[in-house]
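Reader: Could you walk me through this one, starting with the strands and then moving on to whatever they pack against?

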Amino acid sequence: MSTWDLSRTKQHVLLCNGSSCMRKGAEEVTQRIRAELTERNLDDVIHTSRTRCNGRCKDACVVVVYPQGAWYKDMEQADVKQFVDCLVENEVYTDMLTHQYNGEHFVAEPSAVKGTLKAEVAAKVSKLGMERNHA
Ligand code: FES
């Protein structure tokens with residue numbers, strides 16, 4: 001168990017460790033990012049957390065950075081140095097960016113997998129339930 005002092009923390013990196021991302025090398029990406037941050041003496045200013053699924057499995061492996069509100073896909077160990085360079089400069093790592101918060105909502109990059117709206121799934125489930133109730 002840990003209780004870190006976050007008073008120097010400027011960025012929070014969420015490292016998806018859900019099953020789809022783990023199959024695509026999330027453990028190695030997690031370890032490599034953490035090692036790179038430690039090597040650069042950045043552990044107090046860039047905090048990392050392992051997460052479960054972030055709901056973008058087709059993008060595995062997924063990394064999310066706040067407060068930029070930047071979502072990244074297909075992250076591999078080979079991306080880590082440049083990714084951390086971008087964190088240090090408070091810039092977006094555009095090579096792997098899928099979405100970025102614009103102050104109101106997340107904006108998808110043109111190349112991003114669109115995904116499914118939760119409202120569409122809820123409507124289908126609701127319709128199925130109504131059909132069963134009337135069968
Ligand atoms: S397991 Fe990483 S987004 Fe689903």
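**Strands, core and a helix**

Author: Strand E1 (residues 11–16) pairs with strand E2 (residues 46–51) in the parallel sense, over six bridges, where pairing requires at least two bridges found by DSSP, and where strands (E, at least two residues) and helices (H or I, at least four) are DSSP runs numbered from the N terminus. This is a predicted model, in which local features need pLDDT of at least 70 and side-chain atom pairs count only at pLDDT 80 or more, while totals for chains, interfaces and linings use all residues. Residues are numbered from 1 along each chain as its sequence is written.

Reader: And which way does E3 run against E1?

Author: E1 and strand E3 (residues 63–66) run antiparallel, joined by four bridges. Valine 13 stands opposite threonine 48 in E2, and its bridge partner in E3 is valine 65.

Reader: Switching topic, which residues have the most contacts inside the largest nonpolar core?

Author: They are Cys61, Val62, Val63 and Tyr72, in a core of 26 residues; such a core is a set of buried Ala, Val, Leu, Ile, Met, Phe, Trp, Tyr and Cys residues joined through C-beta atoms within 7 Å, and buried means that 20 or more other C-beta atoms, placed from the backbone, lie within 10 Å of a residue's own.

Reader: Which helix gives the most to this core?

Author: H3 does, with five residues.

Reader: What about H2, which of its residues are buried?

Author: Ala26, Val29, Thr30, Arg32, Ile33 and Leu37 are the buried residues of H2. Just after H2, asparagine 41 takes a positive phi of about 60°.

Technical notes: A residue is buried if 20 or more other C-beta atoms lie within 10 Å of its own, exposed if 12 or fewer, and partly exposed in between; C-beta atoms are placed from the backbone.
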